[in-house]
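These are my notebook entries on a structure I looked up. I record what was checked, together with the cut-offs applied.

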Amino acid sequence: MEKKMRFGIKSKIIIGYLIVIVCLFIAFIVLNSQISSLQKERNFIIDHDIEVHDLTNRIEKHLLDMETGQRGYIITGEASYLEPYNSAASSWEKDYNALYQLLNNNPNQQEKLEKIKGSIQDWIEAAGEPTIALKKENNTKELQQFFEKDPGRQYMDDIRSQFTSFRNVEKKSTETRATELDEKNQKIKIGLYGLLLFVTLISLAIAIVLSNSIVNTIKEVTQTIKRITASKGELKGRIKVRSNDEIKDLGIATNALLENIEERNWLQTNIAHAVTMYQGIASVDKLAEKFLFTVSEMTGASFGAFYVREENDKGDLFVKQAAFADRKGDAGRESFLIGEGLIGQAALEKRTLVINDVPDTYQLIASGLGDVKPKSIFIVPVLFEDEVIAVIELASLHEFTVLEQELISQVIETFGLTINGVIRRMEIARLLKESQAMTEELQAQSEELQTQSEELQMQSEELRMINEQLEERTKDAEEKSFELEAAKEDLEEKAHQLELNSQYKSEFLANMSHELRTPLNSILILSEMLEENAAKTLSEDEEEYARIIHSSGKDLLALINDILDLSKVESGKLDVLLAEMNMSELPDQIERNFSHVAEQKKVQLKINKAQDVPNIIHTDEKRFQQIVKNLLSNAFKFTESGSVTVSIQRVADHRLTTAMRTVDTDCWLEIAVADTGIGIPKEKHQLIFEAFQQADGATVRKYGGTGLGLSICSEFAKLLGGWISLSSEVGKGSTFTLYIPSLSNGLIDYEKVNFAYEEVAVSIEEAEPEAEITEIDHPVQPVEPSLPDDENVFQDKRVLIVDDDQRNIFALKTALAKQGMTIMTAHNGIECLEMMKDSEPFDLILMDIMMPQMDGYEAMQKIRGELKLVDLPIIALTAKAMKNDREKCLEAGASDYISKPLDLNQLFSVMRVWLVN
């Protein structure tokens with residue numbers, strides 16, 4: 001039977017597509033033919049009709065040129081007018097012949113052309129040539145008579161009429177051909193749609209046939225698979241496919257898969273049965289007998305022997321433990337050594353042997369009717385921990401299949417563990433019997449030892465109690481050690497955090513100081529220049545305004561300094577400079593600084609100084625003056641009427657506390673500032689001495705302030721070895737008392753000062769004041785007169801101002817220009833360096849420190865290093881004013897250092913020193 005031709009899915013799809021492509025190709029050829037025909041007709045209409053109209057227009061133009069040339073010649077007599085006449089006369093017949101030939105398929109139009117030709121020739125013979133000849137003869141009379149009749153005009157009118165009729169016929173003919181072309185185009189469009197429908201139907205038919213061919217076959221396969229699935233594990237059914245394509249390949253592969261699964265199921269079932277059959281067996285011979293019976297039943301083996309390894313003097317000996325189909329015990333040898341015979345060699349090499357060509361001398365398989373020669377032998381070693389502990393030999397009347405060999409191999413994989421387990425259990429049983437005998441012997445000995453054990457137990461109990469006590473103590477020590485370690489780590493973390501906070505705070509205060517001092521510098525310089533009124537252009541009121549602006553700027557500068565001082569006090573970095581202070585000048589200083597304030601507020605200022613107050617004391621005069629000014633400013637601020645009284649006296653010996661007596665001092669002074677103001681509530685007495693704390697914290701509070709004044713006063717008093725006490729009653733006023741020692745022998749222990757402060761504070765009577773007094777407004781400072789101009793030093797000096805703030809530049813430039821200097825400006829370090837490279841040398845540079853792109857430090861380093869200007873005076877101006885700023889500026893290359901806001905007198909003095917040098 002011939003093999004059925006294979007017709008795959010891919011071939012079916014390709015053939016279907018080829019049919020569709022052939023149909024499309026045929027449709028394309030037909031459509032292209034029709035389109036080509038249309039194109040030809042369209043081109044004929046375009047080319048023919050355009051050519052006809054063009055030739056007609058050209059003939060008519062030639063006739064017009066002849067008429068124009070004839071009339072021009074007759075009128076002017078110029079021979080040049082005959083050139084277009086003669087040219088047109090020789091050309092119109094060529095165009096006529098071409099047009100006549102073009103209309104060879106239209107006799108009617110050719111007939112009209114012949115009439116037009118005759119009319120043209122008649123005009124030439126009747127009007128053209130005769131008139132030109134008369135003009136050449138200069139026969140004017142006959143020309144006049146000719147033109148009175150003018151027969152040529154009638155000819156021309158006839159020619160134009162004939163051309164119009166000719167064009168109309170051509171136009172109609174063109175329209176007729178265009179209509180026919182449209183109808184043909186419509187037919188082609190209908191044919192195209194029909195052809196497209198035909199190809200679509202063929203494609204659908206092919207698609208349906210192909211899909212049915214594929215889908216029906218797949219459905220058959222699917223139904224077969226569903227039947228197999230519904231059979232609940234029965235895998236006997238197979239897929240049958242009639243088509244010779246990929247679906248058939250799928251069916252064959254599926255059938256092979258089913259066969260493989262069926263074999264695997266058989267294999268797993270028999271393995272599971274073999275594993276369960278040797279459960280509960282306690283002896284090797286029973287296990288061997290059961291195993292041979294089960295394996296022979298599964299594989300169809302007809303003969304078999306089971307050998308187990310035993311150790312003796314000769315080495316490893318394998319002894320027969322069981323046999324299948326044994327005839328009077330002659331089923332194989334009783335034992336063999338490893339490497340002896342095929343079975344011994346298999347044990348030695350630890351590999352399975354399958355022999356299908358069995359020799360004639362091999363052991364025959366006995367049955368009831370006789371003996372039969374086996375066809376296949378299967379020898380399998382059983383391994384445990386990579387050692388052969390048993391060997392099985394099977395013989396069969398048929399060859400062992402691959403599946404049967406795999407079954408035995410997989411069963412053997414775990415069978416070695418089973419054999420070893422049975423051997424171990426047998427060994428344990430033997431040892432158990434021996435141990436029972438030994439137990440009886442030991443029982444007597446144990447009774448003797450029991451007494452000794454009880455004594456040892458008592459000693460052990462005592463030792464256990466001691467050990468428990470030691471363990472508890474060790475545990476407590478470990479817990480305390482752990483707690484101490486945790487506390488230490490916590491303290492270290494907090495110390496680190498405090499250090500970071502202090503650093504952040506210092507940086508913040510430095511930046512805020514710079515941002516506040518920068519505009520304040522311009523305010524102070526310009527207001528001081530206005531106050532001096534060197535040009536005498538300001539009135540007295542305007543001078544007073546400038547004086548107030550300058551004073552307010554200094555107040556703001558003092559507030560900035562307070563903030564920085566408080567920060568330094570809290571961080572322990574504020575230095576106390578002890579020196580002699582003249583107390584006899586204190587009342588005059590108070591009078592000079594606060595008398596105008598008292599006059600403005602209409603408050604009486606009283607100053608009382610006791611006779612026993614020493615003229616000279618030892619303290620930090622700057623801090624002492626700041627405390628007194630702050631307390632007086634507070635008193636005037638919160639006193640609307642009445643008086644402010646300053647009392648200065650020495651603390652009598654009988655009033656000294658125990659703590660005050662411990663201080664090494666010449667005397668104690670008491671400076672009391674009493675007012676008749678609003679007073680302070682009792683619960684606010686401690687609060688007002690804390691930084692940024694106020695009794696009235698709302699945004700609508702009457703007196704405002706930052707809450708720094710009393711905090712700074714309190715800290716300064718402690719640094720000077722004293723303290724401040726408060727006595728106040730709401731509505732009646734307050735009294736702040738400063739206790740301070742004369743420290744002729746140096747600073748004292750601050751802990752003693754704090755103790756004294758607490759001791760005195762407890763004894764102070766406290767009232768119920770109403771409002772908070774926390775803000776210290778600095779009094780107006782008298783303006784120091786500016787230094788006189790020095791024309792010889794400053795005149796015509798070139799000074800470069802480097803600053804990023806236009807206000808500072810304007811202020812400095814204005815002040816220095818009045819001194820006769822030439823001023824140049826730069827806004828950062830980069831611009832400064834560029835100007836120094838490109839401009840003439842400068843006599844002095846005023847360098848700001850904090851600038852964008854390149855700061856003052858880097859700019860000074862480059863001036864000294866790259867530009868090699870070692871002797872050029874550079875004065876550093878900075879508003880940061882923090883510790884070590886002066887040292888950093890000098891290290892960077894500055895010649896001198898001034899902090900903002902600038903004092904013009906100080907600036908001029910420093911500049912004069914460096915310009916003279």
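**Entry 1**

I located Y17 in helix α1, residues 9-76. Helices are DSSP runs of H or I with at least four residues, strands are runs of E with at least two, and both are numbered from the N terminus. The model is predicted, so I note that local features need pLDDT of at least 70, that side-chain atom pairs count only at pLDDT 80 or more, and that totals for chains, interfaces and linings use all residues. Residues are numbered from 1 along each chain as its sequence is written, and side-chain values use heavy atoms, with hydrogens and water left out.

I13, I14, Y17, L18 and I21 make a nonpolar surface patch of about 480 Å². Such a patch takes residues with over 30% relative accessible area and no salt bridge, joining nonpolar side chains (Val, Leu, Ile, Met, Phe, Trp, Tyr) within 5 Å. A salt bridge is a side-chain nitrogen of Lys or Arg within 4 Å of a carboxyl oxygen of Asp or Glu. Areas come from the Shrake-Rupley method with a 1.4 Å probe. I recalled that an α-helix has 3.6 residues a turn, so residues three or four places apart point the same way.

**Entry 2: aromatic rings**

I found nine aromatic pairs in the structure. Rings of Phe, Tyr and Trp (its six-membered ring) pair if their centres lie within 6.5 Å; planes under 30 degrees apart are stacked, over 60 edge-to-face, and the rest tilted. One of the pairs is F378 with F400, tilted, at 5.5 Å centre to centre and 50° between the planes. F378 belongs to strand β7 (residues 376-384) and F400 to the loop between β8 (387-396) and α9 (402-532), so their pairing ties together parts 22 residues apart in sequence. F378 counts as buried at 1% relative accessibility, and F400 counts as buried at 6%. I also noted one aromatic cluster formed by Y307, F318 and F336.

**Entry 3: helix α14**

I checked how many residues of helix α14 (residues 709-719) are buried. Nine of the 11 are, so this helix is largely enclosed by the rest of the structure. Among the buried residues of α14 are C713, F716 and L719. Just after α14, G721 takes a positive phi of about 90°.

Definitions and conventions
Buried means under 20% relative accessible area, exposed over 50%, partly exposed in between (1.4 Å probe, protein chains only). Patches are made of residues with over 30% relative accessible area and no salt bridge: like charges are joined within 9 Å, nonpolar side chains (Val, Leu, Ile, Met, Phe, Trp, Tyr) within 5 Å.
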